[in-house]
Amino acid sequence: MRGAVRRTQSLSGGLLATAPFHWQGDHATLTNVMEDTFVSRMGGVMPDDATVAALGTFLDRLPAPKPLAGAVNEALGRAAFLKANCQSCHAGARMVTNSTMSVGRGEAFQVPSLVGVSRRGPWMHDGC
């Protein structure tokens with residue numbers, strides 16, 4: 001049986017402020033992500049703390065894409081956003097509450113930041 005469809009969350013625009021990490025928000029630190037993904041799943045050797053910190057710094061400095069000017073009707077998008085109560089999970093300057101939520105699609109996912117969202121459709125964790 002095929003598992004849930006997942007879209008990779010953006011790494012740009014200040015990743016470290018979006019912890020916890022991973023699909024279900026089950027990794028508190030980048031070290032936890034490296035241990036689970038790079039070492040356990042991919043068979044890599046765990047990098048030392050300085051290398052993990054350097055990777056975190058590199059990823060954290062990836063700039064968020066600039067919004068596409070005029071690509072969407074902002075008024076209609078904002079109205080739909082507010083009507084669906086999206087601001088309950090996507091709030092503040094980073095447009096994220098760092099929570100893990102279910103949106104009625106079968107399982108809970110880490111809420112992604114909406115910074116740069118106009119450049120990375122289709123939207124939602126499964127592209128719906």
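Author: In what follows, helices (H or I, at least four residues) and strands (E, at least two) are DSSP runs, numbered from the N terminus. The model is a predicted one, in which local features need pLDDT of at least 70 and side-chain atom pairs count only at pLDDT 80 or more, while totals for chains, interfaces and linings use all residues. Residues are numbered from 1 along each chain as its sequence is written, and side-chain values use heavy atoms, with hydrogens and water left out.

Reader: How many helices and strands does the chain have, and what pattern does the chain follow along the sequence?

Author: The chain has 3 helices and 2 strands, and reading along the sequence gives the pattern α-α-α-β-β. To judge burial, take buried as under 20% relative accessible area, exposed as over 50%, and partly exposed as what lies in between, with a 1.4 Å probe and protein chains only. By that scale 24% of the 128 residues of the chain count as buried. The accessible surface (Shrake-Rupley method with a 1.4 Å probe; for residues, only the protein chains shown count as cover) comes to about 8,300 Å² for the chain, and 61% of this belongs to carbon and sulfur atoms. Contacts, meaning heavy atoms within 4.5 Å, can be sorted by sequence separation: of those in the chain with a separation of 6 or more, 47% are between residues 24 or more positions apart.

Reader: What should helix H2 span, and how far apart are its end C-alpha atoms?

Author: The expected span of a helix is 1.5 Å times one less than its number of residues. For the 12 residues of H2 (residues 49-60) this gives 16 Å, and the end C-alpha atoms are 16 Å apart, which agrees.

Reader: Which residues of H2 are buried, and where do they fall when seen down the axis of the helix?

Author: An α-helix has 3.6 residues a turn, so residues three or four places apart point the same way. In H2 the buried residues are Val52, Gly56 and Leu59. Viewed down the axis of H2, they fall within an arc of 70° (taken from the directions from the helix axis to the C-beta atoms), so they line one face of the helix. These buried residues pack against helix H1 (30-41), whereas the face of H2 turned away from its buried side carries the exposed residues Ala50 and Phe58.

Reader: Which residue caps the N-terminal end of H2?

Author: A polar contact is a pair of N or O atoms within 3.5 Å; within protein, one must be able to donate a hydrogen and the other to accept it, and residues adjacent in sequence count only if both atoms are side-chain atoms. Here the cap is Asp48, with a side-chain oxygen 3.2 Å from the backbone nitrogen of Ala50.

Reader: Is helix H3 largely buried or in the open, and what phi does Asn85 take just after it?

Author: Helix H3 (residues 74-83) has 10 residues, of which the number buried is 1, so it lies largely in the open. Most residues other than glycine have a negative phi, and most peptide bonds are trans. Just after H3, however, Asn85 takes a positive phi of about 60°, and at 40% relative accessibility it counts as partly exposed. Asn98, in the loop between H3 and S1, likewise has a positive phi of about 60° although it is not a glycine. In the segment before H1 lies Pro20, where the peptide bond from Ala19 to Pro20 is cis, with omega near 5°.

Reader: How many disulfides are there, and how far is the sulfur of Cys86 from the closest cysteine sulfur?

Author: A disulfide is a pair of cysteine sulfur atoms within 2.5 Å, and by this rule the count comes to 0. The sulfur of Cys86 is 8.2 Å from the closest cysteine sulfur, in Cys89, too far for a bond. Cys86 counts as partly exposed at 26% relative accessibility, whereas Cys89 counts as buried at 13%.

Reader: Where is His27 placed, and which residues does it touch beyond four places in sequence?

Author: His27 sits in the segment before H1 and counts as buried, at 10% relative accessibility. Not counting residues up to four places away in sequence, His27 touches Pro20, Phe21, His22, Asn32, Val33 and Asp36.

Reader: Which residues is Ala108 in contact with, leaving aside neighbours within four places in sequence?

Author: Ala108, in the loop between strand S1 (100-101) and strand S2 (109-110), is in contact with Trp23, Gln24, Thr100, Met101 and Ser102. Ala108 and Gly25 are 83 residues apart in sequence and 9.0 Å apart in space, C-alpha to C-alpha.
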